[in-house]
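Q: I would like a close look at one part of this model, followed by an account of the parts around it. Please keep it plain and stay with what the coordinates show.

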Amino acid sequence: MALRHPAIALLIAAVLLMVPSLILGTLPSHSAAHNLAWAGQFADQFRASVFYPRWMADSFEGLGGPAFYFYPPLPFWLDALVSVVTLNTLPVTYRLAISATVLLWASGLAMHAWLRREEVGGGVALLGAIAYMAAPYHLLDHYIRGAYAEFAAYAFLPLAALGIRWIADRRRGGVAILALSYAGLLLSHLPTAVLASATLLPAYVLFRAWRATGAAAAVELVARSALGAALGVGLAAIYLGPALDLQAWIA
């Protein structure tokens with residue numbers, strides 16, 4: 001059954017891995033206080049039709065804070081959508097636990113999709129996706145560090161690899177998948193995006209180019225992958241542009 005319905009199997013795995021948070025709410029962690037404060041204010045403004053809140057008016061005892069002029073918004077957009085779907089009936093501490101569970105499930109689905117494209121067996125792909133979800137640092141980000149944004153970024157890394165693989169296979173939509181996933185990575189957690197851009201993603205592009213049939217196909221793969229990344233930067237410009245322009249005001 002798990003092989004026929006991997007999405008259900010991965011959802012069950014995500015719920016089991018997140019049971020402590022789903023039962024007790026967001027647990028104490030390095031960044032739990034920031035996550036709760038920002039998620040509450042972000043969702044309140046989102047429901048009031050401010051679809052990209054940047055200024056957190058209730059921060060610092062009402063003085064306000066410019067958190068989302070600098071901090072990537074995508075994980076908090078997800079939480080805001082959860083608040084809309086649940087009619088804002090859940091306390092933020094439980095709502096964030098549900099949002100994190102959705103992100104963990106999404107990371108498993110993305111990894112499973114990439115592994116299946118790499119032509120491994122269904123059972124191996126499912127186990128690989130569960131292993132990715134249960135990786136120690138992945139769960140440490142949630143339970144110890146409270147790194148909600150970095151936790152979200154893990155859903156986009158396998159999707160970016162899937163986009164590159166589709167480009168290598170000359171499948172329609174590969175550039176779009178890479179662009180959307182790279183934008184998601186940038187809009188989730190910049191340090192992870194920078195590290196992946198300097199190591200993992202170019203290494204995978206070069207590997208697929210090495211496996212390509214002929215120099216022309218390899219060059220095309222590199223060019224189309226670069227195009228996908230550039231489009232991803234463009235899609236994330238709504239966040240990147242102001243954040244870069246306002247660097248002088250950080251101090």
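Where is the place of T101?

A: The model is a predicted one, and in it T101 sits in helix 6. T101 has a relative accessible area of 7%, so it counts as buried. Its side chain reaches back to the backbone oxygen of A97, at a distance of 2.8 Å. Once neighbours within four places in sequence are set aside, the contacts of T101 are A14, V15, M18 and L22.

Helix 6 spans residues 92-117 and is also one of the elements against which the buried residues of helix 8 pack. Helix 8 runs over residues 136-145, and H138, L139, D141, H142 and Y143 are buried in it. Viewed down the axis of helix 8, these buried residues fall within an arc of 165°, so they line one face of the helix. An α-helix has 3.6 residues a turn, so residues three or four places apart point the same way. Besides helix 6, the partners of the buried residues of helix 8 are helix 1 (6-17), helix 2 (19-24), helix 7 (122-133) and helix 9 (148-153). Just after helix 8 comes G146, with a positive phi of about 65°.

L87 is not a glycine, yet it has a positive phi of about 60°. N88, also a residue other than glycine, has a positive phi near 55°. What sets L87 as exposed is its relative accessible area of 69%. For N88 the relative accessible area is 36%, so N88 is partly exposed.

Helix 5 itself contains D79. The relative accessibility of D79 is 0%, and therefore D79 counts as buried. Leaving out neighbours within four places in sequence, D79 is in contact with A39, A43, R95, L96, S99 and Y148.

Helix 3 covers residues 32-47, and H34 lies in it. With a relative accessibility of 47%, H34 counts as partly exposed.

Two packed helices are described by the angle between their axes and the distance between the axes. For helix 11 (residues 174-186) and helix 12 (residues 190-198), the angle is about 130° and the axes are 7 Å apart. That angle makes helix 11 oblique to helix 12. On the helix 11 side the contact is made by Y182, L185 and L186, and these meet L190, T192, A193, A196 and S197 of helix 12. By type, the residues of this contact divide into six nonpolar and two polar, with no charged residue.

Key: Residues are numbered from 1 along each chain as its sequence is written. This is a predicted model: local features need pLDDT of at least 70, side-chain atom pairs count only at pLDDT 80 or more; totals for chains, interfaces and linings use all residues. Side-chain values use heavy atoms; hydrogens and water are left out. Axes are lines fitted to C-alpha atoms, for helices over the stretch in contact, and angles run from 0 to 180 degrees between N-to-C directions. Helices (H or I, at least four residues) and strands (E, at least two) are DSSP runs, numbered from the N terminus. Angles under 35 degrees count as roughly parallel, over 145 as roughly antiparallel, 65 to 115 as roughly perpendicular and the rest as oblique. Contact means heavy atoms within 4.5 Å. Ala, Val, Leu, Ile, Met, Phe, Trp, Tyr, Cys and Pro count as nonpolar, Asp, Glu, Lys and Arg as charged, and the others, Gly among them, as polar. Buried means under 20% relative accessible area, exposed over 50%, partly exposed in between (1.4 Å probe, protein chains only). The arc is that of the directions from the helix axis to the C-beta atoms. A polar contact is a pair of N or O atoms within 3.5 Å; within protein, one must be able to donate a hydrogen and the other to accept it, and residues adjacent in sequence count only if both atoms are side-chain atoms.
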